[in-house]
Amino acid sequence: MTKVQIQIPPSLDINGSILVVMVGGFLGAGKTTAISALAKSLAAKGKRVGLIANDQAPGLVDTERFSLLGSPVAEVAGGCFCCQFDMFASRFGELAKTNPDVVLCEPVGSCTDMVATVIRPLRYYYGKQMHVAPFTVLVDPWRLTAFLAEASPFPADVDYIYGKQLLEADGIAITKSDLFEASKIDALVQETHKRYGKPVTRISPAVGTGIDKWCEAILGGREAGDHALSEIDYDIYAKGEAELGWLNATFQISGKTDSRSFTESLLDNLKERCNDEGAEIAHVKVELAAGEKSVFGNLTSNALDPSIDGNGMIVDPVLTLNARVQVDPEKLGAMAVNGVGDTAELQGLKAKVCLLQSFKPGYPRPPYRMAGDAK
């Protein structure tokens, strides 16, 4: 067990109590899409919503996507909420000045031990200023099916993180249920509930399934923190995160293009490069934006087609690319640059690198950890 030094987090000048909603889940589970749908549902009920995105480095597609909701958005970069707890508290304090009723928070998808290192410290230090809703962990049906069958394409260290995420959840929500056979979803719900002994629901932001019920459960008054992990091996956890190469990059694209066609072609190109390298995809996200026009693309598996949100002609767009792939970071950087360059060239465009960060996450060292009676 890693020993950590306990320190005192920053004080917050907040009047009243703000509802905090942490939404966990592995890379590619659909957290950003689900949180966006949840934000809209809360707004429809008259709630003022704020959002906090999180990643190992700045330059997030998620932050840009959240900003389109018209709600205040903050970003915690340089590590997960657990390792950047003081930064999270400071960003939360800044966001609180906009007087939100609810703040939705999306931690890094490769992180676990959230209850002990984030949720319980929030309750302990800021219990009079915030109420933390039950902790929902999202899972997509393909990855969950493979994990339960012990047929995951990822190494055991990565699956260790995935399993711990499920253990610490107050509730589990299976996403993208509209894309999976209903009978298989039913069986998956039953098997997951039997194995983990906690509520398992299904949601689909694309068609609205389950979002309002999720919203009602969040507003129901219960509080998170019942399933803090009493045992976790941080060496295995660190190895699991380090199995993945991480890339955050931006490119300036010069010329006029069909945004949907470009985004789909780029993701197909990157998937082909990953397949050629035998590199398993955790998540690849793309935003192509110019002015008020934005198109988003997602790729969550080597075996699935990319999903695209948006369309239309676009001139001189900025491309933001986030990729989490089981491959050496330097190679991932080259794959990204060559993939963007080739896609642009095939469409008669030019691409210029503006920012390129490729790396492996460092060893997780949360400054606050409050364990409990985990299963």
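**A chat about the fold and strand E2**

Biologist: Happy to look at this with you! What share of the contacts in the chain with a separation of 6 or more comes from residues 24 or more positions apart?

Modeller: Gladly! This is a predicted model, where local features need pLDDT of at least 70, side-chain atom pairs count only at pLDDT 80 or more, and totals for chains, interfaces and linings use all residues. Residues are numbered from 1 along each chain as its sequence is written, and side-chain values use heavy atoms, leaving out hydrogens and water. Taking a contact as heavy atoms within 4.5 Å, the share is 81%.

Biologist: What radius of gyration does the chain have?

Modeller: The radius is taken over C-alpha atoms, and the globule rule is 2.2 Å times the number of residues to the power 0.38. For 375 residues that rule puts a compact globule near 21 Å, and the chain agrees, with 20 Å.

Biologist: Why is strand E2 described as largely enclosed by the rest of the structure?

Modeller: Strands are DSSP runs of at least two E residues, numbered from the N terminus. Buried means under 20% relative accessible area with a 1.4 Å probe, protein chains only. Val49, Leu51 and Ala53 are buried on one side, and Gly50, Ile52 and Asn54 on the other. E2 is largely enclosed because the number of its residues that are buried is 6 of the 6.

Note on methods. Buried means under 20% relative accessible area, exposed over 50%, partly exposed in between (1.4 Å probe, protein chains only). Helices (H or I, at least four residues) and strands (E, at least two) are DSSP runs, numbered from the N terminus.
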